[in-house]
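Colleague: Thanks for sitting down with me over this one. Could we go through the charged pairs and the helix at the start of the chain together?

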Amino acid sequence: MNNALRDTLSALLAFDTTSRESNLALISFIRDVLAQRGVAAELFYDESGVKANLYARLGPAGDGGVMLSGHTDVVPVDGQRWTVPPFALTERDGRCYGRGSADMKGFIACVLASLDRFL
């Protein structure tokens with residue numbers, strides 16, 4: 001795993017976005033990563049204003065393209081026997097552990113770490 005991907009995944013895992021919590025800090029992090037590369041993002045808030053979806057478009061305006069879609073919430077860790085910190089990246093035997101590392105924060109990290117190549 002390259003350093004950009006590791007650093008991005010580590011940052012995403014650190015956000016406690018369990019379904020009962022807000023995801024706004026993580027969404028702001030993603031928006032800032034996009035903004036640093038000149039990509040505008042639009043936020044769509046839920047009725048409570050404590051959760052949001054982010055929409056961003058890479059490439060030219062117009063028809064066509066590919067949409068990458070995911071979610072930022074994770075299942076709570078209450079009552080689970082974690083052997084590593086759930087909200088931190090732990091690498092062991094070539095695998096990455098942390099709540100959301102396989103679904104979906106790992107995917108989001110891959111997309112963000114690949115932004116420069118996409119652009």
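**Charges and a helix**

Modeller: Gladly! R6 is partly exposed, with a relative accessible area of 24%. Do keep in mind that this is a predicted model.

Colleague: Which residue forms a salt bridge with R6?

Modeller: Look for a carboxyl oxygen within 4 Å of a side-chain nitrogen, since that is the cut-off for a salt bridge. For R6, the closest N and O atoms of the pair are 2.7 Å apart.

Colleague: How many salt bridges does a search of the whole structure find?

Modeller: Another joins E21 and R20, with the closest N and O atoms 3.9 Å apart, and E21 is partly exposed at a relative accessible area of 35%. R20 and E21 are also linked with D78 in a network of salt bridges. The search of the whole structure gives a total of four.

Colleague: Which residue forms a salt bridge with D116?

Modeller: The closest N and O atoms of this pair are 2.9 Å apart.

Colleague: Where do D116 and R37 lie, and how many residues apart in sequence are the parts they tie together?

Modeller: D116 is in helix α4 (residues 115-118), and R37 is in the loop between α2 (24-36) and β1 (41-45), so the pair ties together parts with a sequence separation of 79 residues.

Colleague: Now R99: is it buried or exposed, and what is its nearest side chain of opposite charge?

Modeller: R99 is in the loop between β4 (95-97) and α3 (105-113). R99 is buried yet has no salt bridge. A polar atom of its side chain does lie 3.5 Å from the backbone oxygen of P76, and the residues it touches include W82, F87 and L13. As for opposite charge, the nearest side chain is 8.3 Å away and belongs to D16.

Colleague: Which residues in α1 are buried?

Modeller: An α-helix has 3.6 residues a turn, so residues three or four places apart point the same way. The cover over the buried residues of α1 includes α2, β4 and α3. In α1, the buried residues are L5, T8, L9, L12 and L13.

Colleague: Within what arc do the buried residues of α1 fall?

Modeller: The residues in question are L5, T8, L9, L12 and L13. Viewed down the axis of α1, they line one face of the helix, because they fall within an arc of 130°.

Colleague: Which residues of α1 are exposed on the other side?

Modeller: One belongs to helix α1 (residues 3-13) and has a relative accessible area of 54%, which makes it exposed, as exposed means over 50%. On the other side of α1, the exposed residues are N3 and D7.

Colleague: And which residue caps the N-terminal end of α1?

Modeller: Follow the backbone nitrogen of A4 to a side-chain oxygen 3.1 Å away. The residue that caps this end is N2.

How values were computed: Residues numbered from 1 in each chain as written. Predicted model: local features only at pLDDT ≥ 70, side-chain atom pairs only at ≥ 80, totals over all residues. Heavy atoms only, no water. Helix = DSSP H or I, 4+ residues; strand = E, 2+ residues; numbered from the N terminus. Buried < 20%, exposed > 50% of the residue type's maximum accessible area, 1.4 Å probe, protein only. Lys, Arg positive; Asp, Glu negative; His and termini not counted. Polar contact = N/O pair within 3.5 Å; in protein donor to acceptor, adjacent residues only side chain to side chain. Contact = heavy atoms within 4.5 Å. Arc of directions from axis to C-beta.
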